[in-house]
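Here is a short report for a first look at this structure. Please view the sequence and the model together while reading.

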Amino acid sequence: MPRPPVSAERPRRFHAEPLVLILSHLEAALGSGPVSIEVPDPDLGPGHYAGERVGPGGDWVHRPLRSWCDLAEGLSCRLRTPRAAGDTHVVLTFEPLGAEAPWHAGSGEAERAGPPQERYGAASAFARVRKFEDAGFLLPWREAAGRLRLPPGARVLDLGVNRGDELAAFEWATGAHALRFTGVDHSASALAEARAAFPEARHSFVQADLNALPAGLGRFDAVVSVGTLQSPGVDDRALLRRLVQEHLEPRAAMVLGFPNSRFRDGEALYGARVRNLSEPDLSLLVKDLSFYRRYLHQHGFRTFLGGKYDLLLTAVRGQPSDGRDEAVPPED
């Protein structure tokens, strides 16, 4: 897809102006399409914090590239790759993002996309997302899964397994070997991809509603569910209780992911959002996490919370502590 054209006018050059002035300039111009500006090259200020003076005479204000990325995200823009503008400045182009991904609740398109079981299937728009090719997902996942101490041949249950992306990274993240995966999902087409990715006889994949897990699943050494428990129609609290009471071994562990992002025009944007609100609102997410942690603490788990685009709650029980950030159960 060709990129929208950038204005032919010479980009405005900034040197030491405050960020609020740059923000105002961008907001006023973005209504007409992509906007370019020239700013001091972030590579001129290694070790400096945003706002510190750099250059031979301290003529420029330093801002790291991460700061510009955050500004673009906050403006619902894509930041194009910076281009050199002489020896001291770079051109930054902010490109407004297109529509939000159709699978998000309330988008309208999701309800017209076919059978609800295939909303996240192999032919859906969601199938384009490869979370574990994005460092914002991969690194927190490695940290969360790395807290697990699984024995060789451990049984792992993945709820909302889809095509099994997180399972492909699970053995790498945990260091465990010969794991036995059982994946549950609504989508037949996604499960077909998971079976193709994990053809070994020790793995199994089941098409089912998470509200009605099939009998005979048995007990597991670990349960994984990323971005699924908060799906519309899932009674996540009843499901959590059933998992703890019926499907966990005494020394089992869990990694549960709570969506804290929205997908838009090829970009993951930080911040959970409730329907009919244009700004991120983490209140419902915080409420859910508080319930999960309190319930798991009451049943003998230690919990750890991390992550970015998915908040990842790791719960371990009967495992030795690795000494990292052990969470203290909150007071009721």
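Is Arg262 buried or exposed? Arg262 is buried, with a relative accessible area of 13%; buried means under 20%, exposed over 50% and partly exposed in between, with a 1.4 Å probe and protein chains only.

This is a predicted model, where local features need pLDDT of at least 70, side-chain atom pairs count only at pLDDT 80 or more, and totals for chains, interfaces and linings use all residues. Residues are numbered from 1 along each chain as its sequence is written, and side-chain values use heavy atoms, leaving out hydrogens and water.

**Salt bridges**

A salt bridge here is a side-chain nitrogen of Lys or Arg within 4 Å of a carboxyl oxygen of Asp or Glu. By this rule the count is 13. Three of them are listed here.

| Pair | N to O distance |
|---|---|
| Asp265 and Arg78 | 3.3 Å |
| Arg78 and Glu267 | 3.3 Å |
| Arg262 and Glu100 | 2.8 Å |

Arg78 is buried at 16% relative accessible area. Asp265 is partly exposed at 32%, and Glu267 is partly exposed at 27%. Arg262 belongs to strand β13, and Glu100 to the loop between β7 and α3, 162 residues away. Salt bridges with shared partners join Arg78, Arg80, Glu95, Asp265 and Glu267 into one network.

**The sheet**

Helices (H or I, at least four residues) and strands (E, at least two) are DSSP runs, numbered from the N terminus. Two strands pair if DSSP finds at least two bridges between them. Seven strands make an open, mixed sheet, in the order β10-β9-β8-β11-β12-β16-β15. β10 and β15 each have a single partner strand, so one side of each is left without a neighbour in the sheet. Strands β12 and β16 pair in the antiparallel sense over seven bridges. Leu256 has Leu313 in β16 as its bridge partner.

**Helix α3**

Helix α3 spans residues 135-145, and its buried residues are Gly136, Phe137, Pro140, Trp141, Ala144 and Ala145. They cover an arc of only 130° around the axis, which puts them on the same side of α3. That arc is taken from the directions from the helix axis to the C-beta atoms. An α-helix has 3.6 residues a turn, so residues three or four places apart point the same way. At the start of α3, a side-chain oxygen of Asp134 comes within 2.9 Å of the backbone nitrogen of Gly136.

How values were computed:
Polar contact = N/O pair within 3.5 Å; in protein donor to acceptor, adjacent residues only side chain to side chain.
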